[in-house]
Amino acid sequence: MTKTREERRLLPLALHTGAAVRELDRIAIEESGIAGITLMRRAAQACADVVQQCWPAAEVVRVFCGSGNNAGDGFVIANKAMEQGKQVIVWSLVSVDLLPIDAKKAADEYIQLGGNIVAFEIRGGIEAGRIFLNNIKMCSLSANLGDTRTIVTHPSSTCLLYTSPSPRDGLLS
């Protein structure tokens, strides 16, 4: 049974900034001696627990991974979802070989468990890819006989489909 919006509200209202989280990670790794991969596994377990509590009937989990150590968190989350019997689809901004050490280790574990990765490139390099991933608001999966495509669209671009060619040409130039 799907929970109500209020029941799903499991996260605290005040969240840490990215800089604060990086500092907390640094303290845990450098001063407390906790391995980065251990932090990833703990974060992934917490995330998997929340997903299971909020969406117990979900059969498919989609994970988008960037190029840094947070990609490792994504791959470990994917592992947890596979262990729960979910179908997992991982999109990666970079090749596994380009990931930092702990993130690569997590990706390798995901692959060893039978996971698949869809890698993609965006014109403008890694920074353009980060901007792209950080700004995704809506994503849909289009499955056709023989292939699967992920389509990320901006609402204003979809309305161009219904615009005659001459006004559309002016909008796109």
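**Note on the predicted structure**

1. From the N terminus on, the elements of the protein follow the order α-α-α-β-α-β-α-β-α-β-β-α-α. That gives eight helices and five strands; helices (H or I, at least four residues) and strands (E, at least two) are DSSP runs, numbered from the N terminus. The model is predicted, so local features need pLDDT of at least 70 and side-chain atom pairs count only at pLDDT 80 or more, while totals for chains, interfaces and linings use all residues. Residues are numbered from 1 along each chain as its sequence is written, and side-chain values use heavy atoms, with hydrogens and water left out.

2. Of the 173 residues of the protein, 25% count as buried. Buried means under 20% relative accessible area, exposed over 50%, and partly exposed in between, with a 1.4 Å probe and protein chains only. Among contacts between residues at least 6 apart in sequence, 67% join residues at least 24 apart; a contact means heavy atoms within 4.5 Å.

3. The packing of two helices deserves attention. The axes of helix H3 (residues 36-54) and helix H5 (residues 101-112) come within 9 Å and cross at roughly 55°. H3 is therefore oblique to H5. Axes are lines fitted to C-alpha atoms, for helices over the stretch in contact, and angles run from 0 to 180 degrees between N-to-C directions. Angles under 35 degrees count as roughly parallel, over 145 as roughly antiparallel, 65 to 115 as roughly perpendicular and the rest as oblique. On the H3 side the contact is made by Gly36, Ile37, Met40 and Arg41, and on the H5 side by Asp102, Ala103, Lys105, Ala106 and Glu109.

4. A salt bridge is a side-chain nitrogen of Lys or Arg within 4 Å of a carboxyl oxygen of Asp or Glu. The pair links distant parts of the chain, with Arg41 in helix H3 and Glu109 in helix H5, 68 residues apart. Arg41 counts as partly exposed at 34% relative accessibility, and Glu109 counts as partly exposed at 22%.

5. The whole structure holds five salt bridges. Within helix H5, Lys104 pairs with Asp108, the closest N and O atoms being 2.9 Å apart; the two residues are four apart, about one turn of the helix. Lys104 is partly exposed at 26% relative accessibility, as is Asp108 at 27%. Salt bridges that share partners join Glu23, Arg26, Glu30 and Glu31 into one network.

6. Glu30 is exposed, with a relative accessible area of 58%, whereas Arg26 is partly exposed at 28%.

7. Asp73, in helix H4 (residues 70-83), is buried yet has no salt bridge. The nearest side chain of opposite charge, that of Arg41, is 10 Å away; Lys and Arg count as positive and Asp and Glu as negative, with His and the chain ends not counted. Neighbours within four places in sequence aside, Asp73 is in contact with Met40, Ala43 and Ala44.

8. Ile34 lies in the loop between helix H2 (18-31) and H3. Its relative accessible area is 23%, and Ile34 is thus partly exposed. With neighbours within four places in sequence left aside, Ile34 is in contact with Ala28, Ile29, Leu39 and Arg42.
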